[in-house]
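This report is meant for a reader who is meeting the structure for the first time. Please look over the sequence and the model before reading on, and keep both at hand.

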Amino acid sequence: MSLPNPVPKADVSQTHPRDWSYVSEGGATIVFSYTGPPSKEFSGTVLRLRKITAEPPPKQIYKPLDIAEGIDQASSEEDEGYDTSSSEDEDEPDDPTIAFQSRITSKLIPPEHLPRLEPAKLKRHFLEKLAKRGDKKRPESRKDVDRIDTHKKKGVIATDLIGATGWAVEIKPKWAFLPNPAHLSDKTKGTKASYCRFCMHTHQRFIKSPSKFKSEYCPLDLFSGDRERVRKALRDLWNSWVGSNGTINNLKIFVHGSNIPPNDLPHLHMLYDDLKLPDEGRPTSGSGLLEAILPAFTDALLPVLLDTPVLATLAKLQRTLDPLDIEGLSKLWKTDPNTQTPSSAAVGVGSREVKLAEWETFLDEYFTEMKKPKEDLEREWANPTHARLRYYLLAYLMSATFKDCSVILRFAPGEGPTITAIDLDPKSVDRLAKWEKLDNEIVECFTESGDKAKPACVDARVE
């Protein structure tokens with residue numbers, strides 16, 4: 001394990017567990033926001049902690065970089081026979097996501113549009129008390145599955161992008177482009193070259209669950225760079241948020257620290273005030289508030305989305321890292337004489353996870369690639385060679401990270417708006433086979449039952 005392990009500057013155990021409030025959690029981590037007295041180290045931050053499974057014997061919940069780097073993530077639970085007598089100060093590797101951002105992601109996205117990530121020192125007694133506090137707010141469905149790993153000696157301090165005052169918006173933009181038709185089959189070309197992945201996937205989800213709200217949002221509008229198309233995308237996201245009662249994951253709205261549904265009248269009034277809408281004639285009904293807020297909401301978001309490089313950067317990265325589509329990548333994989341799996345095996349099966357050093361080598365190759373004339377690049381992408389199969393596998397994984405990330409737009413009182421890209425951890429090689437299968441299912445569903453009168457998605461970015 002070669003990742004550097006700087007001594008954490010922040011010792012979270014010097015704060016009190018009541019200074020931290022439960023915010024949210026994902027598959028491998030749980031997040032707490034600092035709400036204690038003013039602190040140079042912790043004000044405006046969140047604490048990310050790793051989790052283990054709830055049922056004994058507890059097991060670590062791995063991320064791809066954990067596996068690739070060989071980090072010893074084994075739980076030190078006594079009932080598993082692990083030694084718990086080691087010193088609190090015993091060295092433990094930093095969470096590899098910190099090194100991944102500093103050495104990889106920050107080379108692709110301007111650092112000012114990334115959150116602060118730093119290691120923080122932890123102690124068991126603090127984590128045990130925090131876990132008890134957090135369980136009071138955690139969903140019951142989560143508590144049955146996993147819990148905080150109280151034996152961890154390091155966590156991650158990150159920027160609090162939501163904040164306890166003002167408002168913020170989280171957008172998950174998704175796929176920014178239509179695929180290169182050169183690698184599409186005759187069966188899929190007509191569909192995939194006309195309709196974006198997100199719109200087709202939305203249709204498939206609606207077919208499976210007709211009672212759910214069907215979004216009209218198209219990511220190609222949001223990524224277009226055209227003011228009116230971006231405005232339309234924001235309206236469609238808003239309508240999806242309202243129509244789904246706030247359950248869609250493409251738009252979340254936070255007001256004074258709370259993730260609000262569209263029927264939360266007290267927080268809608270707060271948002272109305274934060275947008276500096278007139279008190280005279282203020283609507284009293286939920287529908288009236290929503291109607292009054294929408295124009296000001298889109299007007300506030302538009303300049304941040306249009307005047308910063310974040311969306312344009314994500315769009316370029318997605319497109320240039322996925323020149324073959326999953327179909328072309330699968331074809332290259334299955335015809336490679338050096339692949340140590342049957343030719344019928346799904347793409348990526350048996351491949352090793354990607355180490356940080358390999359990601360760095362890949363990045364050097366990608367930057368060299370991007371310096372080539374456009375004509376040369378298109379020629380290479382039209383005729384990929386087996387010698388570069390590993391490069392294309394890693395490129396697709398990296399593209400998937402940018403297809404699945406989110407951006408948070410923060411509007412804090414007395415400060416200018418900010419936009420930050422989050423959820424940029426690398427994906428697992430194991431996901432490639434699942435993505436290939438899902439792609440087939442989505443396209444087949446849309447081809448068979450899609451609305452043929454639906455206008456084609458327009459892949460035309462305005463620079």
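## A covered helix

A residue is called buried when its relative accessible area is under 20%. The model is a predicted one, and in it helix H12, which runs over residues 325-334, is mostly covered, with eight of its ten residues buried. Those buried residues are Asp325, Ile326, Glu327, Gly328, Leu329, Ser330, Leu332 and Trp333, and what covers them includes helix H5 (186-192), helix H15 (389-404) and helix H16 (431-449).

At the N-terminal end of H12 sits a cap provided by Asp325, one of whose side-chain oxygens lies 3.1 Å from the backbone nitrogen of Glu327.

## Nonpolar cores

Which residues touch the most other members of the largest nonpolar core? In this core of 94 residues they are Trp167, Ile171, Leu301, Leu329 and Trp359. When residues up to four places away in sequence are not counted, Leu329 touches Leu324, Val347, Leu389, Tyr392, Leu393, Tyr396 and Leu432.

## A buried lysine

Strand S4 covers residues 45-53 and includes Lys51, a residue whose relative accessible area of 0% means that Lys51 is buried. Which polar partners does the side chain of Lys51 have? With the side chain of Glu25 it makes a polar contact of 2.9 Å, while the backbone oxygen of Gly26 lies 2.7 Å from a polar atom of the Lys51 side chain.

## A serine at the start of a strand's range

Ser406 belongs to strand S11, which spans residues 406-411, and with a relative accessibility of 0% Ser406 counts as buried. Its side chain is joined to that of Glu170 by a polar contact of 3.2 Å. If neighbours within four places in sequence are left aside, the residues in contact with Ser406 are Glu170, Ile171, Lys172, Pro173, Thr420, Ala421, Ile422 and Asp423; one of them, Ile171, is also among the residues named above for touching the most other members of the largest core.

Helix H10, formed by the 22 residues 286-307, reaches 32 Å from its first C-alpha to its last, which is close to the 32 Å expected at 1.5 Å a residue.

Ile442 is found in helix H16 and is buried, with a relative accessible area of 0%. Although Ile442 and Met200 are 242 residues apart in sequence, their C-alpha atoms are 6.3 Å apart in space. Setting aside neighbours within four places in sequence, the contacts of Ile442 are with Arg197, Met200, His201 and Gln204.

## Cysteines without partners

A disulfide is a covalent bond between the sulfur atoms of two cysteines. How many disulfides does the structure hold? The number is zero. Cys405 is accordingly in no disulfide, and the nearest cysteine sulfur, that of Cys196, is 16 Å away; Cys405 is also buried, with a relative accessible area of 1%.

Definitions and conventions:
Residues are numbered from 1 along each chain as its sequence is written. This is a predicted model: local features need pLDDT of at least 70, side-chain atom pairs count only at pLDDT 80 or more; totals for chains, interfaces and linings use all residues. Side-chain values use heavy atoms; hydrogens and water are left out. Helices (H or I, at least four residues) and strands (E, at least two) are DSSP runs, numbered from the N terminus. Buried means under 20% relative accessible area, exposed over 50%, partly exposed in between (1.4 Å probe, protein chains only). A polar contact is a pair of N or O atoms within 3.5 Å; within protein, one must be able to donate a hydrogen and the other to accept it, and residues adjacent in sequence count only if both atoms are side-chain atoms. Contact means heavy atoms within 4.5 Å. A nonpolar core is a set of buried Ala, Val, Leu, Ile, Met, Phe, Trp, Tyr and Cys residues joined through side-chain atoms within 4.5 Å. The expected span of a helix is 1.5 Å times one less than its number of residues. A disulfide is a pair of cysteine sulfur atoms within 2.5 Å.
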